[in-house]
Amino acid sequence: MSDLDVQIPTAFDPFADANAEDSGAGAKDYVHIRVQQRNGRKSLTTVQGLKKEFSYNKILKDLKKEFCCNGTVVQDPELGQVIQLQGDQRKNVSTFLVQSRLAL
């Protein structure tokens with residue numbers, strides 16, 4: 001009785017398939033469009049997650065011209081390149097990206 005043979009079952013990871021590198025599930029890249037409140041009624045719209053193959057400066061130029069607002073491209077160490085636009089442009093940016101097929 002002192003010599004117990006305990007069989008520990010092997011660990012089963014139910015998420016092993018989802019974490020696999022070649023898995024297509026959950027591998028979508030999302031474009032995040034957010035609004036940040038500044039002072040009072042002032043706000044910023046940020047766009048991140050666009051593919052790196054796109055020219056952020058050209059996209060920014062078209063967005064500024066289309067929506068009559070100012071903006072800039074900011075390099076963030078964690079998030080990469082982020083487009084910032086003046087005002088709450090969330091709906092405008094989302095329809096622009098879908099129509100120009102940049103966010104597919």
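Predicted model: local features only at pLDDT ≥ 70, side-chain atom pairs only at ≥ 80, totals over all residues.
**View 1. Four strands line up in an open sheet.** The strand order is S1-S2-S4-S3, and the pairing is antiparallel. Strand S1 (32-37) and strand S3 (71-76) sit at the edges; each has a single partner strand, so one side of each goes without a neighbour in the sheet. From one strand to the next, the twist averages 25°.

**View 2. S1 meets S2, and two helices pack on the sheet.** S1 and S2 run antiparallel and are joined by six bridges. Look for Gln36, which stands opposite Leu44 in S2. Helix H2 (residues 56-67) packs on the sheet and touches S3 and strand S4 (80-86), with its direction at about 10° to that of S4. Helix H3 (residues 90-99) packs on the sheet too, touching S1, S2 and S4. The direction of H3 makes about 165° with that of S1.

**View 3. Gln48 and the residues it touches.** You'll find Gln48 in strand S2 (residues 43-48). With a relative accessible area of 13%, Gln48 falls under the 20% cut-off, so it counts as buried. Leaving aside residues up to four places away in sequence, Gln48 touches Tyr30, Val31, His32, Arg34, Leu79 and Val82. With one of these, Arg34, Gln48 makes a side-chain to side-chain polar contact (3.2 Å).

**View 4. Asp88 and Arg90 form a salt bridge.** The structure holds one salt bridge, and here the closest N and O atoms of Asp88 and Arg90 are 2.9 Å apart. Asp88 is partly exposed, at 44% relative accessibility. Arg90 is partly exposed as well, at 39%.

Notes:
Residues numbered from 1 in each chain as written. Heavy atoms only, no water. Salt bridge = Lys/Arg side-chain N within 4 Å of Asp/Glu carboxyl O. Buried < 20%, exposed > 50% of the residue type's maximum accessible area, 1.4 Å probe, protein only. Polar contact = N/O pair within 3.5 Å; in protein donor to acceptor, adjacent residues only side chain to side chain. Contact = heavy atoms within 4.5 Å. Pairing = 2+ DSSP bridges. Axes fitted to C-alpha atoms, helices over the stretch in contact; angles between N-to-C directions.
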